[in-house]
Each structure stands twice: as structure tokens, then as C-alpha cells.
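Hi,

Here is the structure I promised to pass on. Please open it alongside this note, and then read on for what turned up.

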Number of protein chains: 2
Amino acid sequence: MARTKGSVGATTQKAILDAAKTLIVKHGFEAMTLRQLAAEVGVQPASIYRYIESKDTLLAALMTEHMDTLIHAWEALEDKGETPDEQLEAFVAFHIRYHVERREDVFIANMELRSLGEAARADVVAKRRAYELNLWRILEEGVKTGDFPETDLEVATYAILAMLTGVCFWYRPEGRLTVEQIIEIHQGLVMRGVVSGDFQAV
Amino acid sequence: MARTKGSVGATTQKAILDAAKTLIVKHGFEAMTLRQLAAEVGVQPASIYRYIESKDTLLAALMTEHMDTLIHAWEALEDKGETPDEQLEAFVAFHIRYHVERREDVFIANMELRSLGEAARADVVAKRRAYELNLWRILEEGVKTGDFPETDLEVATYAILAMLTGVCFWYRPEGRLTVEQIIEIHQGLVMRGVVSGDFQAV
DNA sequence: TTATTAATCAAACGTACGTTCGTTTAATTA
DNA sequence: TAATTAAACGAACGTACGTTTGATTAATAA
């Protein structure tokens, strides 16, 4: 056999990327083999090379695309809030909403930096930093206006991001809570912590 | 060559486990090869089998030992606090202090559940659940006594753990902040969140 | 309809994998 | 010192790896 009936390049391309994500999550990038990937797509190993330059560039493509899409999605968000409080709530909602829908990408982005080449890693790290800055600046602004108490901006940024991204590791669509409920709970935790309830806030 | 001068079983055993941790963090468990591991230890691949039954049991041993040690360390902690506030602060301090010192184990425990066999995975998951319950119960108690406002206990537990464990991913011993400073900041974030400062708390 | 391009295949390349085997040397015990 | 045990070795097993090559068929353009 050679070219199969009904085969379309764009379709195969997407199938390869989708299957690659699933396999990387399941086995890790280094451990995923192109033979597994080919089998998942329903194609011979050699055919993969019509769509990727090498195994390494496949990972780089997945990760940079994820970061680009994430950054662009935040930029495109209509209502980012006015006051620091509103901005922080908007960020929390956006981050959770976006990430739970892309749990495979998030898992890969968090785990496989180690497997990127030097250039690709630098690129992804820079993009991650750029995204983190969005939250950092909201916190900075809030502290400046006096809406938020003094705090270490770097640690607070990392802490909030870790907490929000952590949802990806336990969230299940069929679970007890909807995404919107989860967002509300996290907004409460971020804004007021565990101890300070509404009754204590202004 | 055969037995080498000065070779001691216990020493080699420890060297194997230490090198395995480093390699698993760097490459992922599936991608780590026993030939790499042997080279790191300075031994032939075949010699590894004097200390492990198989590659799979090596991972299981690393992960269950990590969970056992963690659970036991919390149990052995002297001052777990009296009031819910104090207990929560004690947990935050313990968790960060313990985890930043064992970043490799934490990374492996978080990443390589997927590579465990069914029995070992069930065991590790149960132990993780048991550890999480320590925090869960502190929160539950605090809500019951009225020290903490009503909240979703499950989500709050996961959120706090994600935030605290997240420190492992950026903490560096030579970094700007000491572990104790990082603990204080996180105690503030957990107890009062970003918005509610001391000036608003009781 | 014919020529061209797109999409796939089968086969093979050298290399490395986890693991087993029997042997050899060092340290310990009798 | 002699016998035993501990700790390593080198070589090999069948299998699978990422990738390259050239041929083959399907869809499209002329």
C-alpha cells in the first residue's frame, strides 16, 4: 500500500499532535516512541516524518504553541476588571477556566521543559515568565493602591499560580463541582485566605 | 575484573537509589535506562540486579519510601499547635520545610504515579490521601469552631497543598529568601489571602 | 486524459534497551 | 590457612528505538 483512500494531510497532522499529547502525558516525552505514536494515529512510523522534522521539534512545537495560545487568550479577554480586586478575580477565573480545558497541555508544559533543547527551552521559559507577569502586575498595582497589604510579589505570584494550576491535577468534568463553582472557591481563597471570611473583610 | 576493592553493598545500594532519583527527575522514569544508572554509580548494568528485582520495583520502592517517611515525619512533629490557626500554621511550616529539602522525591511522587504498577499505585495513592487528611481535618476543625469561615474542605485542601508544594519548583537554596521567610509568606497567604491584610484581621 | 503533487508504505540502518548467565575477585568466617 | 559468602564483572539474549530511503498509490491540475 501507499497513499490511502481519503487521506488528508491536515487531518493526519492534527491526529499526530493530539495523539502525541496523550502519549506524552501517559509515558513522558522521552519514553514515548514514534512507533507508539504512529500506531495510535493508524499510520506507519515513517509517515510521521512527513509532518515533523524530528521527535525533538515535535515537543518544541507542542509547548511553544501552548504558551502562545495561553498568552493570546489572556490578551484577548474582554473584561479584565477595573480595580485590583476585580482584576485579580478576573485572572483567577481566566486561569482556571483556560487550564482545566487543556489539562494535557498544562501537564506537558509543566513536566517536559527538561526535554526541550536549549533554544526552545529558553523560548518557553520566556513566554511563561511573560504570562506570570500579568498576575505579578495585578498584585503590584493592588499593593501600590493599598487595596492589598504588603507582600512579597514574586512569592505571591508563584503561590497563586501553583494553587490555580493545581486544579488541573484533580478536576474531572463529571466531578462534584462545576468549573464555575471551583472558580468561586478559589477566588475566595486567593482574596481572603482560609481564615479571613467575608465577615472580616470590608 | 570482578568484585572491586573496597566495595560495600550498603554503599552501592544507597548510590543506586540516589542516582536513580536524579536520573528520573532529569529524564522521567520510563526514559531512564539502567545503563545510565549503572554508569552514574560506576558499575556494570548487571550489577544493579544485586540490589533491585527489576526496574519497576525500583520506582515502587522510591515512592512508597517517600510517602512513608513524609507521613511519619508529620506524626513525629512535636508542636502541631493548639488552636486551628496554630495548627494550620504548623502544617504550612512543616510541609514547606520538609518538601524543599526533598525536591527530587516530591517531583517523582508527583510525576511518576503513571509508571507504577496497579498495586503500588493504589498503595501510594492511599498514602497520599492519608497525608492530605491531616490538613483536611485541621480545616474541618477550624470551620467547626468558627475560627475559619465556611469553605469547601476538599477544594481548600487541594488548593493549599498545591500552593505549598509549588515552592519546590522554584526554590533554590542560594536564592533571595530563606526557607523560613518563604514559610512566613505562605502562612500569610494561606491564613489571610492576598487581599485581607493584618489590618483587617482580628 | 495525462501529468503532477500529496500522502502513504515496506524495508532497512546502526544503536540501545532490560535482563540473564556464568565467572571472577575481595572480604569474612571457621 | 581454607572455606564460604559478598560484590562485582563481561558477554550475550531477543526486542525495540529514531530515522532514512525509495517505491507506490490517491487526489488534483492542466
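How do the residues of the surface near DNA strand D divide into nonpolar, polar and charged? They divide into 11 nonpolar, 10 polar and seven charged. Here Ala, Val, Leu, Ile, Met, Phe, Trp, Tyr, Cys and Pro count as nonpolar, Asp, Glu, Lys and Arg as charged, and the others, Gly among them, as polar.

Some ground rules before the rest. This is a predicted model, in which local features need pLDDT of at least 70 and side-chain atom pairs count only at pLDDT 80 or more, while totals for chains, interfaces and linings use all residues. Residues are numbered from 1 along each chain as its sequence is written, chains are lettered from A and ligands numbered from 1 in the order in which they are written, and side-chain values use heavy atoms, with hydrogens and water left out.

**The DNA side**

DNA strand D is surrounded by 28 residues, and the closest are A:Ala2, A:Arg35, A:Tyr49, B:Gln44 and B:Tyr51. A residue is near the strand if one of its heavy atoms lies within 4 Å of it.

Helices (H or I, at least four residues) and strands (E, at least two) are DSSP runs, numbered from the N terminus.

- B:Tyr51 has a polar side-chain atom 2.3 Å from a phosphate oxygen of DNA strand D.
- B:Thr12 has a polar side-chain atom 3.0 Å from a phosphate oxygen of DNA strand D.
- B:Arg50 has a side-chain N or O atom 2.9 Å from a base nitrogen of DNA strand D.

UniProt, in an unreviewed entry, places a "DNA-binding region" at residues 33-52 of chain A. Its positions are given in the numbering used here, feature names are shortened, and annotations may be inferred rather than shown by experiment. In the model, residues 33-52 of chain A are 60% helix and 0% strand, with the end C-alpha atoms 14 Å apart. The unreviewed entry also lists "domain: HTH tetR-type" at residues 10-70 of chain A, a stretch that is 75% helix and 0% strand.

**Where the two chains meet**

In chain A, 44 residues are in contact (heavy atoms within 4.5 Å) with 44 residues of chain B. The area buried between the two chains is about 3700 Å², and carbon and sulfur atoms give 64% of that. Buried area is the accessible area (1.4 Å probe) that two parts lose on being put together, summed over both.

Chain A and chain B share four salt bridges, each a side-chain nitrogen of Lys or Arg within 4 Å of a carboxyl oxygen of Asp or Glu. B:Glu154 forms a salt bridge with A:Arg176, with the closest N and O atoms 2.7 Å apart. On the side of chain A that touches chain B, the largest share, eight residues, comes from H8(A).

**Within chain A**

Chain A has nine helices and zero strands. A:Lys127 and A:Asp68 form a salt bridge, their closest N and O atoms being 3.1 Å apart. A:Lys127 lies in helix H7 (residues 118-145) and A:Asp68 in helix H4 (residues 55-76), so the pair ties together parts of chain A that are 59 residues apart in sequence.

Enjoy looking around!

Methods
A polar contact is a pair of N or O atoms within 3.5 Å; within protein, one must be able to donate a hydrogen and the other to accept it, and residues adjacent in sequence count only if both atoms are side-chain atoms.
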